[in-house]
Amino acid sequence: MATQTHEEGVQEASTTLPEPPRMYKVLLLNDDYTPMDFVILVLQRFFSHDTEQATRIMLKVHNEGRGVCGIYPRDIAATKVEQVLAFARQHQHPLACTMEENQ
């Protein structure tokens, strides 16, 4: 920490707060083949959404082409994307998952 000296000779530590980490949105993208129930399962399993929240997000993906699963620091978001993609491939679904910086 840097110190500053006042006129009286008293030193005071200057504190600079670190910037918060950049946050990233994890997104699911719509396709014509992945079952809706599978998307809900993914949202519950990897993003800890309850059935109601997962259904809302799944319908947003279905109707609007994409939906936000959650917002995380970069490393966590990247890990979640990898986990979802691996799980989808393991179950032979083409579900696409990506991340983008949260503005």
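Helices are DSSP runs of H or I that hold at least four residues, numbered from the N terminus. In this predicted model, K80 is found in helix α3.

**View 1. The rings of F46 and F87 form one of the 3 aromatic pairs in the structure.** The ring centres of F46 and F87 lie 5.3 Å apart and their planes meet at 70°, so this pair counts as edge-to-face. The pair links distant parts of the chain, since F46 belongs to helix α1 (residues 36-47) and F87 to helix α3 (residues 74-90), 41 residues apart. Both F46 and F87 are buried, and together with F38 they form one aromatic cluster.

**View 2. The rings of F47 and Y72 make a tilted pair.** Here the ring centres are 6.3 Å apart and the planes stand at 35°, so the pair of F47 and Y72 is classed as tilted. This pair, too, links distant parts of the chain, with F47 in helix α1 and Y72 in strand β4 (residues 66-73), 25 residues apart. Both of these residues, F47 and Y72, are buried.

**View 3. The charged end of K80 sits over the ring of Y72.** The distance from the charged end of K80 to the centre of the Y72 ring is 5.3 Å. When its neighbours within four places in sequence are left aside, K80 is in contact with F46, F47 and Y72. Although K80 is buried, it has no salt bridge, and the nearest side chain of opposite charge, that of E82, is 12 Å away.

Conventions
Residues numbered from 1 in each chain as written. Predicted model: local features only at pLDDT ≥ 70, side-chain atom pairs only at ≥ 80, totals over all residues. Heavy atoms only, no water. Phe/Tyr/Trp six-rings, centres within 6.5 Å; stacked < 30°, edge-to-face > 60°. Helix = DSSP H or I, 4+ residues; strand = E, 2+ residues; numbered from the N terminus. Buried < 20%, exposed > 50% of the residue type's maximum accessible area, 1.4 Å probe, protein only. Lys NZ or Arg CZ within 6 Å of the ring centre and 35° of its normal. Lys, Arg positive; Asp, Glu negative; His and termini not counted. Salt bridge = Lys/Arg side-chain N within 4 Å of Asp/Glu carboxyl O. Contact = heavy atoms within 4.5 Å.
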